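Try each task before reading its solution.

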Amino acid sequence: TKITLPANSKMLSNDFVYGVATASFQIEGGKDSRLPCIWDTFCDTPDKVADGSNGETACNHFNLWQQDIELIDSLEVDAYRLSISWPRVITESGELNPEGVAYYVGILDALADKNIKAYVTLYHWDLPQHLEDKGGWLNRETAYKFRDYADLISKAFGNRVYSYATLNEPFCSAFLGYEVGVHAPGIVGKEFGKKAAHHLLLAHGLAMAVLTKNSPNSLNGIVLNFTPCYPESNSEADINATAFADDYFNQWYIKPLFDAEYPAIMSQLPVQNHPEIQPGDMEIISHPLDFLGVNFYTRAIYRADVKEHFFQIDPPEPLTDIGWEIYPKAFTELLVSLNKKYKLPPVYITENGAAMADTIVNGVVNDQNRIDYYHDHLNAVHNAIEQGVNVDGYFAWSLMDNFEWAEGYLKRFGIVYVDYVTQERTIKASGLAYKELIKNR
Ligand code: GBH
């Protein structure tokens, strides 16, 4: 029932940052105090979210944030990763909304009081609906709107923020939102995904320039998710198909940041599926980063396919409650391979965690399988550090159970249990194990 690391691990030094992470739409509720976003609309569309739920109340963090910060503090973490709800802080005419700003300033000041570093993500998927009505991430203009939002909010927050991430997982926004449509805004078509991705990356680059100017002392960067790709067999066909999938899903979002170009597979995509790149865009996108955030959950296995470039096979066991394979070795291999391919700035693991079915017995949540997941994955990060990767911190996803996007409230990623009827929080065994690891460094 413990999370342990080798005694000599860099991850046991006091300057390795341990934190917990959340995202605005997944925990806040307080829907009446902000503009509508694309996830409100998506939730209201039949059959999009597994349990037909929405983010109207979520964990009611909008009202309970003070006690939630006490909770975070009680876990003895060094840092808290939160996201800002764009539709809460910027009005439809593009001005700061003072109430929305005051809400986050309250949170940031409370964190500072407790010496908890604030890692702020500016965009964790809650695009204002009025921008989607003008084309959302398929409209280049949205990138400039994001830059303006980053400019206003970073001036308003002053020096309260330890680290800014521009975007969370542009892959999810672009591919899941604008290509397969399983996330908001639910648009489907192979011709859309890479166009949306380009505007997201452009938004990131434009915002990096603004953050570097307004907030030169914070660590400014981006958070990417990676699902490392493995071939089903050693056949050349499977290996090639896997490399294609890796470029399409993973390298597409990181290569432009460091190499100012998209993967070469672009030439194999039909022209109508290409991004619309204007002169100068790739220079903007490749703005230097102070840190790279890496989110890791699972890997994926591919085989060659006669019609498509690749085919993803069902994952082998063991699986988490959301059906994702538990394969920590891929975490080490991912970090080592990124470090080999790119000239990385310091890396933070900005999300890692597992959906597990929790059972509460007499008020105690025993989630030994989640403890095992954390133990194995923290050790996988340790192994990557041993192989030369510069990792400075780790954030558990998530602080507490919350609105798990298309899965609604059915899947629980928290190290704190949330009873959605009473809004009562109970620290799970995994939360206590995480706290012990941090305390006993
Ligand atoms: C993150 O997304 C989000 O940032 C966070 O908000 C969310 O709550 C959390 O993860 C948990 O979902 O079909 O086996 O190939 C992670 C998104 C997860 C997308 C893994 C791709 C591939 C699984 N990624 N997924 S598989």
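Helices (H or I, at least four residues) and strands (E, at least two) are DSSP runs, numbered from the N terminus. The model is predicted: local features need pLDDT of at least 70, side-chain atom pairs count only at pLDDT 80 or more, and totals for chains, interfaces and linings use all residues. Residues are numbered from 1 along each chain as its sequence is written, and side-chain values use heavy atoms, with hydrogens and water left out.

**Exercise 1. Decide whether Lys-411 is buried or exposed, and find its partners.**

Step 1. Locate the residue. Lys-411 is in the loop between strand 13 (391-397) and strand 14 (416-419).

Step 2. Apply the cut-offs. Buried means under 20% relative accessible area, exposed over 50%, partly exposed in between (1.4 Å probe, protein chains only). Lys-411 has 17%, so it is buried.

Step 3. Look for partners. Beyond four places in sequence, Lys-411 touches Asp-321, Ile-322, Ala-355, Asn-402 and Glu-404.

Step 4. Focus on Asp-321. Lys-411 and Asp-321 are 90 residues apart in sequence, yet 7.2 Å apart C-alpha to C-alpha. The Lys-411 side chain reaches the backbone oxygen of Asp-321 at 3.2 Å. That is a polar contact: a pair of N or O atoms within 3.5 Å; within protein, one must be able to donate a hydrogen and the other to accept it, and residues adjacent in sequence count only if both atoms are side-chain atoms.

**Exercise 2. Describe the shell around the ligand.**

Step 1. Find side-chain N or O atoms by ligand oxygens. Glu-351 has one at 2.9 Å from a ligand oxygen. For Trp-397, the distance is 3.1 Å. A polar side-chain atom of Glu-169 lies 2.8 Å from an oxygen of the ligand.

Step 2. Alone, the ligand exposes 580 Å², and the protein buries 86% of that. Areas come from the Shrake-Rupley method with a 1.4 Å probe; for residues, only the protein chains shown count as cover.

Key. A residue is near a molecule or strand if one of its heavy atoms lies within 4 Å of it. Contact means heavy atoms within 4.5 Å.
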